[in-house]
Structures are given as structure tokens and as C-alpha cells.
Amino acid sequence: MRRFPPERIVCLTEETVETLYLLGEQDRIVGVSGYAVRPPQVRREKPRVSAFTSADISKILALAPDLVLAFSDMQAGIVADLARAGVAVHLFNQRDVAGILAMIRTVGALVDARDRAEALARGYEERLATVAGQSHGRRRPRVYFEEWDEPLISGIGWVSELVRIAGGDDVFPELARQPAAKDRIVTPEAVLAARPEVILASWCGKKVVPSRIASRPGWSSMPAVAEGRIVEIKSPLILQPGPAALTDGLDAILRGLTSG
């Protein structure tokens, strides 16, 4: 990176876009992912240069970025192409709440806004602690979070943590530690055996159909299905490891746990 702080930033995932807007540093953003929807004005303010696992490298290079912010091994190929073209890239890989908070602080440091980033992260930490304290001593429902339906994929780390903070117990906590979706595949029989009392579903970009979940063979006897406690959470709120998950995502989980 030849300039500090960077004046021209491309964000290949939504969470860094939202973080920069929250820090008041949105004018540095010159390109974003096609999945960036938070805040709403980003859709009309910033050019779209990538999907999630693919990007228009020539379009990114034409923007002459000082820095590109990327996420995870899923974007490793894009990062390699940009690095070979001489572009400075920071690849995040946060998979839990602590990682999300560290990402916010790191983005702040990268744009010379450390104090604002620290205040933002501390505000989230305090809110998470307050919510966790409110659930203390209450009965904790068993929760199955479904990230995908074909095959069934259970929730990733930060989702499982937020379920716990909200007052529920993830029925597959051991799988939440697996970063790759393929390692969080579960069978319908395993979910049925876990007998969740609440099903939270977010099908990674497509609309959840509760009736399809309820009609799976044998699932009618599952407490969550029998009591009609199948709740959709929109994927931009919970499946991006950034501020959205800690705010609107957590609120959606809280509503899901008290529904029905």
C-alpha cells in the first residue's frame, strides 16, 4: 500500500462496506461486492465489481485502488490475481464474534480511525453482554439454525454464538466450529434426533419456505415443527460476519426465540 490511509478502497464483501460507512469513511470506497446492501444507499452510491467467489479484475484495476479488502479462502483466487497485478490486499477470515470485533478494529486502523472503531466495537461488546445477561436464569430453548436446505447445513460460528447470547442452545455446537459449509452438513435424521424447539433458517440468498421444512419426513413430531416455530432470518442480517449480525441479526434471533 503506497498511501496511508488509503484513499481508494474496494470491498469484496459486505461487512467491510458497512463498517466503513459506520466509521464515516465511506468516501474512501470506490467499488463493492454485488451483495452489498447495507446501508441501503450503497446500492446507488458505489460501483459493483464482484460477486462472492468471482470478480471483474479489470474493472477493479481500472478503479486504481490503494487497498482491496477481501474475505476467506473463498476469495483466495481473486486475491492472488490482484496480488499478481500489484494491488495491496487485506484478507479477513473472521468466523466468530471475537473475529468480527477484531475486523472492525482492524478496518479502523487501516483507515486511521482507531478511536471511532474502538468506540464502535466497545458499543457492540456492551450490547452483547447486556443481552446475554438478560437471558441468565431463563429456560434455554434448543435451536437448530439452518444455513442451507439442499443439503442441510447448520449454523457457522458467529451464528451459534449469537444464538447462545440471545438465550438459546445450538443443537450442533460442535459443528459451528467448522468454517467450511461442507463440514457442517447434517442429516434430516440427526436434526430430528436433536429435537429442536425452534428452527431459525437463512438459506444464503434465497427465500426460506417454512412449509417445506415442516413437511420433511418425520419432522411433524419435532417440537419446533409441531409448535410452528420455524422462523426465517434474512441472510444479509445474519450470514455476513460483520456489524449486521451483531445488531439486526441478533435482534432477529431474539424475536425468533420468543415467537410462537
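Predicted model: local features only at pLDDT ≥ 70, side-chain atom pairs only at ≥ 80, totals over all residues.
View 1. Five strands form an open sheet in the order 3-2-1-4-5, and the pairing is parallel. Strands (E, at least two residues) and helices (H or I, at least four residues) are DSSP runs, numbered from the N terminus, and two strands pair if DSSP finds at least two bridges between them. The edge strands, each pairing on one side only, are strand 3 (48–50) and strand 5 (89–92). From one strand to the next the twist averages 25°. Strand 2 (residues 29–33) pairs with strand 3 in the parallel sense over two bridges, and Val-32 stands opposite Arg-48 in strand 3.

**View 2. Helix 5 on the sheet.** Helix 5 (residues 97–110) lies across strand 4 (67–71) and strand 5, and runs at about 170° to strand 5. Axes are lines fitted to C-alpha atoms, for helices over the stretch in contact, and angles run from 0 to 180 degrees between N-to-C directions; contact means heavy atoms within 4.5 Å.

**View 3. Helix 7 against helix 12.** The axes of helix 7 (residues 157–166) and helix 12 (residues 243–258) come within 9 Å and cross at roughly 55°. The two helices are therefore oblique to each other, given that angles under 35 degrees count as roughly parallel, over 145 as roughly antiparallel, 65 to 115 as roughly perpendicular and the rest as oblique. Their crossing is right-handed, a term used if the near helix is turned clockwise from the far one by less than a right angle, whereas anticlockwise is left-handed. Among the residues that make the contact are Trp-158 and Leu-162 of helix 7 and Leu-250 and Leu-254 of helix 12. By class, this contact has twelve nonpolar, no polar and no charged residues; Ala, Val, Leu, Ile, Met, Phe, Trp, Tyr, Cys and Pro count as nonpolar, Asp, Glu, Lys and Arg as charged, and the others, Gly among them, as polar.

**View 4. Helix 6 against helix 12.** The axes of helix 6 (residues 114–134) and helix 12 come within 11 Å and cross at roughly 20°, which makes helix 6 roughly parallel to helix 12. The crossing of helix 6 and helix 12 is left-handed. Tyr-124, Arg-127, Leu-128 and Val-131 in helix 6 meet residues of helix 12 including Leu-246, Asp-251 and Leu-254, and by class the contact has seven nonpolar, one polar and two charged residues.

**View 5. Peptide bonds and a backbone angle.** Most residues other than glycine have a negative phi, and most peptide bonds are trans. A cis peptide bond, with omega about -5°, joins Phe-4 and Pro-5, and Pro-5 lies in the segment before strand 1 (9–11). The peptide bond from Glu-150 to Pro-151 is also cis, with omega near 0°, and Pro-151 is in the loop between strand 6 and strand 7 (152–154). Arg-195, although it is not a glycine, has a positive phi of about 50°.

Key
Residues numbered from 1 in each chain as written. Heavy atoms only, no water.
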